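These are my notebook entries on one structure. I set down what I looked up, in the order in which I looked.

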Amino acid sequence: MEEKMLKDSGLLEMTSSELCLRGGASKALETIFTKVRYVINFIADYVPKFLKGISDGFGLSIF
């Protein structure tokens with residue numbers, strides 16, 4: 001009965017090696033997204049301080 005349900009829905013069964021490959025790919029994407037998030041958070045923390053430093057530095061008069 002389950003096989004008939006699978007055939008009617010168009011879904012295909014996966015072997016354990018296919019499941020491992022797809023699971024590994026999703027883990028790799030998760031680590032990539034995590035690293036990108038860390039970079040974005042670093043930039044979000046750094047840019048305002050950087051811009052404030054530039055404006056303070058160029059805002060000073062030398063004489």
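**Entry 1: Salt bridges**

I searched the whole structure for salt bridges and found one. I note that the model is a predicted one.

I then looked up the partners: the side chains of Asp56 and Lys52 meet, with an N to O distance of 2.8 Å. I recorded the general point that side chains of opposite charge can pair when their charged atoms come close.

I asked where Asp56 and Lys52 sit relative to each other in helix α2. Both belong to helix α2 (residues 16-59), and because they are four residues apart there, about one helical turn separates them.

I checked the accessibility of each partner. Asp56 has 40% relative accessibility and is therefore classed as partly exposed. Lys52, at 52%, counts as exposed, since the cut-off for that class is over 50%.

**Entry 2: Chain overview**

I looked up the secondary structure and recorded two helices and zero strands. What share of the 63 residues in the chain is buried? The computed value is 0%. The chain exposes about 6,300 Å², and I noted that carbon and sulfur atoms supply 69% of that area.

**Entry 3: Nonpolar surface patch**

One patch is formed by Val39, Phe42, Ile43, Tyr46, Val47, Phe50, Leu51, Ile54 and Phe58. Together these residues have about 920 Å² of accessible area.

Phe58 lies in helix α2.

Methods: Residues numbered from 1 in each chain as written. Predicted model: local features only at pLDDT ≥ 70, side-chain atom pairs only at ≥ 80, totals over all residues. Heavy atoms only, no water. Buried < 20%, exposed > 50% of the residue type's maximum accessible area, 1.4 Å probe, protein only. Areas by Shrake-Rupley, 256 points an atom, 1.4 Å probe, with all protein chains shown as cover. Salt bridge = Lys/Arg side-chain N within 4 Å of Asp/Glu carboxyl O. Patch = residues over 30% accessible without salt bridge, like charges linked within 9 Å, V, L, I, M, F, W, Y side chains within 5 Å.
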